[in-house]
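Okay, thanks for coming, everyone. Let me put the chain up on the screen and walk you through its middle.

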Amino acid sequence: MGFEKFGVVSFTSDAKVAPLVDYLEKGKVMMTKCQQCGKAFFPPKADCPRCVSSNVEWLEISSIGTLLAFTVVNYGPSGFENDTPYTLGIAEFEEGVKVLGRVSKAISPEDVKVGMRVKLAPLKLANEQIIYEMQRS
Ligand SMILES: [Zn+2]
């Protein structure tokens with residue numbers, strides 16, 4: 001139980017999206033799309049914050065995206081201190097979502113450009129955790 005009973009208009013939960021990890025393990029970066037109003041979300045949402053429907057569909061973000069902005073992180077937050085420097089970017093995809101995430105370390109920061117074409121891919125870390133990253137398309 002979350003905040004479903006709180007407030008004048010029901011709050012929706014951002015949790016209940018464990019399938020994201022299962023899909024990453026299978027090589028897919030997924031979003032959710034509301035079947036009621038059509039709005040797409042990444043990170044995925046179990047319930048639609050726009051119309052409060054729980055009728056959401058999981059869809060893969062498989063298009064080639066466009067990098068809108070990026071920054072190089074030199075001073076990492078707690079837990080990321082040993083990962084610096086790394087590049088964070090925001091890219092827009094044809095499925096209707098903007099994704100915030102890491103740009104692959106395979107692309108040196110000097111080569112990252114606004115407008116470059118990127119694709120999303122899962123990335124397994126040394127500690128068995130899994131994330132996604134943006135790779136050159
Ligand atoms: Zn909706």
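So, start with the largest nonpolar core, which has 15 residues. Met31, Phe42, Ile61, Val97, Val99 and Leu120 have the most contacts inside it. By core I mean buried Ala, Val, Leu, Ile, Met, Phe, Trp, Tyr and Cys joined through C-beta atoms within 7 Å; buried is 20 or more other C-beta atoms within 10 Å of a residue's own, with C-betas placed from the backbone.

Who supplies it? At least two residues each come from strand 1, strand 5 (86-93), strand 6 (97-103), strand 7 (117-124) and strand 8 (130-136); strands are DSSP runs of E, at least two residues, numbered from the N terminus. Strand 6 gives the most, three residues. And because domain 1 (19-60) and domain 2 (65-136) both contribute, the core lies between them; those bounds come from an automatic or database domain assignment.

Quick caveat: this is a predicted model, where local features need pLDDT of at least 70 and side-chain atom pairs count only at pLDDT 80 or more, while totals for chains, interfaces and linings use all residues. Numbering runs from 1 along each chain as its sequence is written. The chain averages a pLDDT of 88, pLDDT being the predictor's confidence in each residue, from 0 to 100.

Now Ile61: leaving out residues up to four places away in sequence, its contacts include Met31, Phe42, Val97 and Leu120, contact meaning C-betas within 7 Å.

Note on methods:
Buried ≥ 20, exposed ≤ 12 C-beta atoms within 10 Å, placed from the backbone. Helix = DSSP H or I, 4+ residues; strand = E, 2+ residues; numbered from the N terminus. Contact = placed C-beta atoms within 7 Å.
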